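Reader: I'd like to learn how to read a protein model feature by feature. Could you take me through one?

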Amino acid sequence: MQTFDAAATAAALDFPALIDALRRAHVQAANVPLRHTHVIGDPAAGGGTVLLMPAWREGGRFGLKTITIFPANTALGLPGLHAVYTLFDARTGVPLAQLDGNEITARRTAAVAALAASHLARPDARRLLVLGCGRVARLLPAALRAVRPIAAVAVWNHRPEGARRLAAELQAQGVAAQAVDSLAPALTQADIVSAATLSTTALLRGRELAPGTHVDLIGSFSPAMREADAECFARSRVYVDTEEALAKSGDLLAARAEGGFDDARLQGTLAQLCRGEAAGRGSASEITLFKAVGSALADLAAAELVWDTGRQK
């Protein structure tokens, strides 16, 4: 069994190639069961959540990602998420590779947002607002620049020093970036808003979104998490990465309970967008919203790209 560490995994997942692999994966058929979720200890007292995410193609490959999410790790100076990915031959069950699950998760999450934006954001979208400063937030500018002409990036974080650090990192990479302390004014100026946080309370207010904005909600993944209020959904054409989001997303559950969304208003899934079965953005002035909770299909596509690239080398 081959092992790909973080550096080798990341090196095979440059965003243009990964976005293209994800697009193909969402067109093809695959088996993607519902994820398994288990709670370890009391999350309010430093415990966490374990997710098991399998996916496979008949006669192809089978992948399983194991993820641990411990939000209190930030107080310990540790990442809140860790993951391991194992790739198997689906015909024989033989293990093929073990990959760095953190890189798989972070890079496919940012790439999924970019893939959705390629259908939903305005073609001339140039101003990006990132909420958060973690692993995924750091990747969002590069991912979105692969599909839209992003020229300026604003960064907001609930701890302002985190936003300033990320803005400085982006500037060192040649990106025109700045940290913002106030979220409301930044929302009115953004063409794309990407939220990559573990928030449990709404950060985005629908009344502050400008016409033509595209919103990515890619941080929250459980019923207890929330990044946007109900008005964000009420004002938007809403899409999801997978229909599992309708039952797992705290944003959607809360918006539904507060009258801002009902399932009949769902415009489509990412697979339907990629297959041409759902229409994307219809006008320059409408607001679009993409809610992702994470899909094992995206993990499998990323892992296969790493494996295939490694074999070619």
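**Reading the fold**

Author: Gladly, starting with secondary structure: the protein chain has eleven helices and 14 strands, where helices (H or I, at least four residues) and strands (E, at least two) are DSSP runs, numbered from the N terminus. The radius of gyration is 18 Å, close to the 20 Å that the globule rule gives for 313 residues, so the protein chain is as compact as a globular protein of that length. Here the radius is taken over C-alpha atoms, and the rule is 2.2 Å times the number of residues to the power 0.38. This is a predicted model, in which local features need pLDDT of at least 70 and side-chain atom pairs count only at pLDDT 80 or more, while totals for chains, interfaces and linings use all residues. Residues are numbered from 1 along each chain as its sequence is written, and side-chain values use heavy atoms, with hydrogens and water left out.

Reader: What box do the C-alpha atoms fill, and what share of the residues is buried?

Author: Along the principal axes, the box is roughly 55 × 45 × 40 Å. Buried means under 20% relative accessible area, exposed over 50%, and partly exposed in between (1.4 Å probe, protein chains only). By that cut-off, 56% of the 313 residues count as buried.

Reader: How do I read contacts along the sequence?

Author: A contact means heavy atoms within 4.5 Å. Take the contacts between residues at least 6 apart in sequence: 69% of them join residues at least 24 apart.

Reader: How many charged side chains are there, and how far apart are the centres of the two sets?

Author: Lys and Arg count as positive and Asp and Glu as negative, leaving out His and the chain ends; each charge is placed at NZ of Lys, CZ of Arg, CG of Asp or CD of Glu. The protein chain has 32 positive and 30 negative side chains, and the two centres lie 3 Å apart.

Reader: Which residues beyond its sequence neighbours does Tyr-85 touch?

Author: Tyr-85 sits in strand 5 (residues 81–89) and is buried, with a relative accessible area of 0%. Leaving out residues up to four places away, Tyr-85 touches Lys-65, Ile-104 and Asp-299, among others. Phe-88 is also found in strand 5; Phe-88 is buried at 18%, and its contacts beyond four places include Phe-62, Val-94 and Pro-95.

Reader: How should I read a helix and its surroundings?

Author: An α-helix has 3.6 residues a turn, so residues three or four places apart point the same way. In helix 9 (residues 250–257), the buried residues are Gly-250, Asp-251, Leu-252, Ala-254 and Ala-255. Their cover includes strand 11 (214–217), helix 7 (230–234) and strand 14 (287–291). Just after helix 9, Gly-259 takes a positive phi of about 80 degrees.

Reader: Where is Lys-291, and what does its side chain reach?

Author: Lys-291 is in strand 14 and counts as buried at 0% relative accessibility. Its side chain reaches the backbone oxygen of Leu-217 at 3.2 Å. Among the residues that Lys-291 touches beyond four places are Ser-220, Ser-249, Asp-251 and Leu-252. Ser-220 itself is in the loop between strand 11 and helix 7 and is buried, with a relative accessible area of 2%.

Reader: How far is Lys-291 from Ala-116, in sequence and in space?

Author: They are 175 residues apart in sequence and 9.6 Å apart in space, C-alpha to C-alpha.

Technical notes: A polar contact is a pair of N or O atoms within 3.5 Å; within protein, one must be able to donate a hydrogen and the other to accept it, and residues adjacent in sequence count only if both atoms are side-chain atoms.
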